[in-house]
Amino acid sequence: MRAVTTQNEIDADQGGRMPACPWPEEDEERLVTALGPLLEATGTKIWTLDHNYNLFWPRPRSTLQAPLQKIRENTVAWHGYVGSPEMMAT
């Protein structure tokens, strides 16, 4: 399976210390709307969040519940830096 994430470290401001993408949710939705059909045609999945286990906040929840976004962004990508895998059950 191939997959891409829309951002790295969503909503994080790393002060230039590491790659992060602090786009607002609306920009992420526009990106997925524009690229989603092209990626789907190649069988590439789109994952959201791409952040630590302890950060399953309202943003990825709302993304996964929006009808069009739910089709295109079908799961959550995780980093294992903070928290534990059990936190994914949230």
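Analyst: Let us begin with the terms: two strands pair if DSSP finds at least two bridges between them, and helices (H or I, at least four residues) and strands (E, at least two) are DSSP runs, numbered from the N terminus. The model is a predicted one, in which local features need pLDDT of at least 70 and side-chain atom pairs count only at pLDDT 80 or more, while totals for chains, interfaces and linings use all residues. Residues are numbered from 1 along each chain as its sequence is written, and side-chain values use heavy atoms, with hydrogens and water left out.

User: What makes the three strands an open sheet, and which strands are its edges?

Analyst: The strands stand in the order β1-β2-β3 with parallel pairing, and the sheet they form is open. The edges are β1 (2–5) and β3 (73–79), since each of these pairs on one side only. From one strand to the next the twist averages 40°, where axes are lines fitted to C-alpha atoms, for helices over the stretch in contact, and angles run from 0 to 180 degrees between N-to-C directions.

User: How do you know that β1 and strand β2 are paired?

Analyst: Pairing asks for at least two bridges, and four bridges join β1 to strand β2 (residues 44–52), the two running parallel. Within this pairing, Arg-2 stands opposite Thr-44 in β2, and Thr-5 has Trp-47 of β2 as its bridge partner.

User: What does helix α1 touch, and how is it directed relative to β2?

Analyst: Helix α1 (residues 25–42) packs on the sheet and touches β1, β2 and β3, and its direction makes about 135° with that of β2; contact here means heavy atoms within 4.5 Å. Helix α2 (residues 58–65) also packs on the sheet, touching β2 and β3, with a direction at about 155° to that of β3.

User: Why is the unit of β1, α1 and β2 called right-handed?

Analyst: A crossover is right-handed if, with the strands pointing away from the viewer, the path from the first strand over the helix to the second runs clockwise. The β-α-β unit made by β1, α1 and β2 is right-handed in this sense.

User: Why does Asp-50 count as buried?

Analyst: Buried means under 20% relative accessible area, exposed over 50%, and partly exposed in between (1.4 Å probe, protein chains only). Asp-50 has 11% relative accessibility and therefore counts as buried, and its place is in strand β2. Asn-52, which also lies in strand β2, has a relative accessible area of 8% and is therefore buried.

User: Why is Asn-8 called partly exposed, whereas Cys-21 is called buried?

Analyst: Asn-8, found in the loop between β1 and α1, has a relative accessible area of 25%, so it is partly exposed. Cys-21 lies in the loop between β1 and α1, and because its relative accessibility is 15%, Cys-21 counts as buried. Leaving aside neighbours within four places in sequence, Asn-8 is in contact with residues including Cys-21 and Asp-50.

User: What makes the link between Asp-50 and His-79 a polar contact?

Analyst: A polar contact is a pair of N or O atoms within 3.5 Å; within protein, one must be able to donate a hydrogen and the other to accept it, and residues adjacent in sequence count only if both atoms are side-chain atoms. The side chains of Asp-50 and His-79 make such a contact at 2.7 Å, and a polar contact of 3.3 Å joins the side chains of Asn-8 and His-79. As for Asn-8 and Asp-50, their C-alpha atoms are separated by 5.5 Å, although the residues are 42 apart along the chain.

User: How do you know that the protein chain is as compact as a globular protein of its length?

Analyst: The chain has three helices and three strands, which follow the pattern β-α-β-α-α-β along the sequence. The radius of gyration is taken over C-alpha atoms, and the globule rule is 2.2 Å times the number of residues to the power 0.38. The chain's radius of gyration is 13 Å, close to the 12 Å that the rule gives for 90 residues, so the chain is as compact as a globular protein of that length. Buried residues make up 33% of its 90 residues.
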